[in-house]
Amino acid sequence: MMWGYGQGMVWMWLWIPLLLIGIALLVLLALRVFGAGRGGYAPTGPQGPDDPLPMKGSRARQILEERFAKGELTADQYREYLNVLGEDH
């Protein structure tokens, strides 16, 4: 009596490579998802309607523009700070 091992050996030879391929794909997927900050997959640029467009100029100028838009700076202060930064408007 063979106790059911005759046909089972054929399926085992098929399942082992499929299992290894599945594990490899899961590892690659995990590396792409969790490795985004370390050179992995990281989308760049605006991704949806709520994402802001990239701004031109230095970060200091962006902060000045935001403060001027909020009314925290007068026009004279804004121009003076731009002159200090060397980014004449």
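Mentor: Let us start with accessibility. A residue is buried under 20% relative accessible area, exposed over 50%, and partly exposed in between, with a 1.4 Å probe and protein chains only. In this structure, Asp-76 is exposed, at a relative accessible area of 58%. The model is predicted: local features need pLDDT of at least 70, side-chain atom pairs count only at pLDDT 80 or more, and totals for chains, interfaces and linings use all residues. Residues are numbered from 1 along each chain as its sequence is written, and side-chain values use heavy atoms, with hydrogens and water left out.

Trainee: What share of the residues in the chain is buried?

Mentor: Of the 89 residues in the chain, 9% are buried. As for the surface, accessible areas come from the Shrake-Rupley method with a 1.4 Å probe, and for residues only the protein chains shown count as cover. The accessible surface of the chain is about 8100 Å², and carbon and sulfur atoms hold 67% of that area.

Trainee: How many helices and strands does the chain have?

Mentor: Helices (H or I, at least four residues) and strands (E, at least two) are DSSP runs, numbered from the N terminus. Here there are three helices and zero strands, which gives the pattern α-α-α along the sequence.

Trainee: Which residues make the contact?

Mentor: Contact means heavy atoms within 4.5 Å. From α2 come Ala-60, Arg-61, Leu-64, Glu-65 and Phe-68, while α3 supplies Ala-75, Tyr-78, Tyr-81, Leu-82 and Leu-85. Ala, Val, Leu, Ile, Met, Phe, Trp, Tyr, Cys and Pro count as nonpolar, Asp, Glu, Lys and Arg as charged, and the others, Gly among them, as polar. In the contact of α2 with α3, eight residues are nonpolar, two are charged and none is polar.

Trainee: What does Tyr-81 touch?

Mentor: Leaving aside residues up to four places away in sequence, Tyr-81 touches Leu-64 and Leu-73. The C-alpha atoms of Tyr-81 and Leu-64 lie 7.8 Å apart, although 17 residues separate the two in sequence. Tyr-81 is partly exposed, at 35% relative accessible area.

Trainee: How many salt bridges are there?

Mentor: Side chains of opposite charge can pair when their charged atoms come close. A salt bridge is a side-chain nitrogen of Lys or Arg within 4 Å of a carboxyl oxygen of Asp or Glu. The count here is four salt bridges. One of them joins Glu-65 to Arg-61, with 3.1 Å from N to O; both residues lie in helix α2 (residues 59–70), four residues apart, about one turn of the helix. Arg-61 is buried at 15%, whereas Glu-65 is partly exposed at 26%.

Trainee: Which residue pairs with Asp-76?

Mentor: Arg-79 forms a salt bridge with Asp-76, again judged from N to O, at 3.1 Å. Arg-79 is partly exposed, at 47% relative accessibility.
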